[in-house]
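Subject: Structure handover

Hi,

Here is the structure I promised to pass on. Please load it first, then read my notes below.

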Amino acid sequence: MSNKEDNFKEQFKQALISTAKVISEDYKLDVKKIDKDLSSKKLDFFDITNLSHKNDFIRLRAQTDSGALKKKFSNSEIFNKNLPNNPSCKSLYNLAEKIRYEVLGTKMLKGVGKNLRENYNHKIASIRKDQIKNKEDVPVNEAFEFYMLKKFFNLKLNVDSSKMLSFWEKDFNSSIDKHLDFLKKNLENQDNYGLKFSEILENMDVFNSNNDEKNKDDEKENQQENKSENNDDNQSDGKEDK
């Protein structure tokens, strides 16, 4: 790596650190803590030697902004207080909170909004799903992220991401759309927003049906175990009688 490239990447790193401190309004901010919060690929904030493409810089810039916004706008106690009891809902709840503080960031700083939108647009454009045939082929958290980007960031989805969302969109629309005005009005009130989203996710039919199927499977398994135990008891009793 040339000295010129080294200098550029070091300047880029220092710019990210400075921006993160300004966004979070924490000038003693430990940037390593932001690095631990980055939700996508584990990328060492201080190891930028593998940044070779424009999209790598876009991604890291957006991730750093997002981590700083989390520091500024997201209270961990409130987040945990409203966390859904259903484990299946927790990843969606986490995504909903991430979108909340990122939307607040876009309203606060145009540059932050540009970074986040540019990164999400690249993510959407890079979607290539040729083998999608039914709902089971699309993870609910991926479809939910597209739904949130469409509703809260007003981003336009491409053909593949629209197709992925389409399998889940009816479930999301029926459960969330009627609460959109309330959610958008309470973006700055984490408690109201988080509690409402937690209630919505807990009451979604898709998660209830998953739980029902799991309960049925557990019940069937228990019945099979009891039947097996009864057969063993009967065989044991028969031996004793003989």
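How many helices and strands are there in the chain? The chain has eleven helices and zero strands. Read from the N terminus, the elements run α-α-α-α-α-α-α-α-α-α-α. Keep in mind that this is a predicted model.

**Whole chain**

The chain has 242 residues, and 40% of them are buried. It exposes about 14,800 Å². Carbon and sulfur atoms supply 45% of that area. Take the contacts with a separation of 6 or more: 71% of them join residues 24 or more positions apart.

**Helix H5 and its partners**

I looked at two helix pairs, and H5 (residues 87-108) is in both. Two packed helices are described by the angle between their axes and the distance between the axes.

Start with H3 (residues 54-73). The axes of H3 and H5 come within 9 Å and cross at roughly 95 degrees. That angle falls between 65 and 115 degrees, so H3 is roughly perpendicular to H5. On the H3 side, the contact uses Ser-66, Leu-69, Lys-70, Lys-72 and Phe-73. They meet Lys-98, Arg-100, Tyr-101, Glu-102, Leu-104, Gly-105 and Met-108 of H5. By class, the contact of H3 with H5 holds five nonpolar, two polar and five charged residues.

Next is H10 (residues 190-203). H5 and H10 pack at about 150 degrees, and their axes are 10 Å apart. The angle is over 145 degrees, so H5 is roughly antiparallel to H10. The crossing of H5 and H10 is right-handed. H5 contributes Cys-89, Leu-92, Tyr-93, Ala-96, Glu-97 and Arg-100. H10 contributes Gln-190, Tyr-193, Gly-194, Phe-197, Ser-198, Leu-201 and Glu-202. The residues of this contact divide into seven nonpolar, three polar and three charged.

**Asp-160**

Asp-160 lies in helix H8 (residues 159-176). Is Asp-160 buried or exposed? Its relative accessible area is 17%. The cut-off for buried is under 20%, so Asp-160 counts as buried. Which residues does Asp-160 contact, leaving aside neighbours within four places in sequence? They are Ile-127, Arg-128 and Lys-129. Ala-125 is 35 residues from Asp-160 in sequence. In space, the two are 8.8 Å apart, C-alpha to C-alpha.

Best wishes

How values were computed: Residues numbered from 1 in each chain as written. Predicted model: local features only at pLDDT ≥ 70, side-chain atom pairs only at ≥ 80, totals over all residues. Heavy atoms only, no water. Helix = DSSP H or I, 4+ residues; strand = E, 2+ residues; numbered from the N terminus. Buried < 20%, exposed > 50% of the residue type's maximum accessible area, 1.4 Å probe, protein only. Contact = heavy atoms within 4.5 Å. Axes fitted to C-alpha atoms, helices over the stretch in contact; angles between N-to-C directions. Parallel < 35°, antiparallel > 145°, perpendicular 65-115°, else oblique. Nonpolar A, V, L, I, M, F, W, Y, C, P; charged D, E, K, R; others polar. Left-handed = near helix turned anticlockwise from the far one by under 90°. Areas by Shrake-Rupley, 256 points an atom, 1.4 Å probe, with all protein chains shown as cover.
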